[in-house]
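Please look over the sequence and the structure shown here, and then read the short report that follows on a few of the side chains.

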Amino acid sequence: MKRMSYLVGTVAALMLSGQLAAADGKAVYDKSCKGCHAAMKPKTGDKEAWAPLIKMGADALTASVIKGKGMMPPKGGAASDDDAKAAVEYMISQSK
């Protein structure tokens, strides 16, 4: 019984930590996106360049990033789809 309680507690802790460890958009951006988007178009923060992209919506932009586009590799070099989405949302928030 004690062993079962430990197992259930461990599984619950792992599940909870996964929820709390959601992708940090700024951290992903700093690691995977900043190098290019600080120097190449669309530069993060360039409201004029980002306006038509923002109108497409975060989901469409995320889908494009996941596939890769032009010189940008799939997911923009991010580790996962969730990381790519978090980075896209961060860049949008910095470019409105």
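## Lys 75 and its salt bridge

Lys 75 is partly exposed, with a relative accessible area of 25%, in what is a predicted model. The side chain of Lys 75 meets that of Asp 81 in a salt bridge, for which the N to O distance is 3.6 Å. Asp 81, for its part, is also partly exposed, its relative accessible area being 38%.

## A salt bridge within helix 2

The count of salt bridges in the model comes to 2, and one of them joins the side chains of Lys 26 and Asp 30, with 2.8 Å from N to O. Both residues lie in helix 2, where they are 4 residues apart, which is about one turn of the helix. Lys 26 has a relative accessibility of 40% and therefore counts as partly exposed, while Asp 30, with a relative accessible area of 35%, is partly exposed as well.

## The aromatic pair

How many aromatic pairs does the model hold? The count comes to 1 aromatic pair.

Tyr 29 lies in helix 2, which covers residues 25-37, and Tyr 90 lies in helix 5, which covers residues 81-94, so the pair ties together parts that are 61 residues apart in sequence. Tyr 29 and Tyr 90 are both buried.

## Asp 83 in helix 5

Asp 83 is found in helix 5. Is Asp 83 buried or exposed? Its relative accessible area is 18%, and because buried means under 20%, Asp 83 counts as buried.

Leaving aside residues up to four places away in sequence, Asp 83 touches Ala 23, Val 28 and Ala 78. The C-alpha atom of Asp 83 is separated by 7.4 Å from that of Asp 24, although these two residues are 59 residues apart along the chain.

## Thr 62 in helix 4

Thr 62 has its place in helix 4, which covers residues 58-67. With a relative accessible area of 7%, Thr 62 is buried. When residues up to four places away in sequence are not counted, Thr 62 touches Lys 85 and Val 88.

Technical notes
Residues are numbered from 1 along each chain as its sequence is written. This is a predicted model: local features need pLDDT of at least 70, side-chain atom pairs count only at pLDDT 80 or more; totals for chains, interfaces and linings use all residues. Side-chain values use heavy atoms; hydrogens and water are left out. Rings of Phe, Tyr and Trp (its six-membered ring) pair if their centres lie within 6.5 Å; planes under 30 degrees apart count as stacked, over 60 as edge-to-face and the rest as tilted. Helices (H or I, at least four residues) and strands (E, at least two) are DSSP runs, numbered from the N terminus. Buried means under 20% relative accessible area, exposed over 50%, partly exposed in between (1.4 Å probe, protein chains only). A salt bridge is a side-chain nitrogen of Lys or Arg within 4 Å of a carboxyl oxygen of Asp or Glu. Contact means heavy atoms within 4.5 Å.
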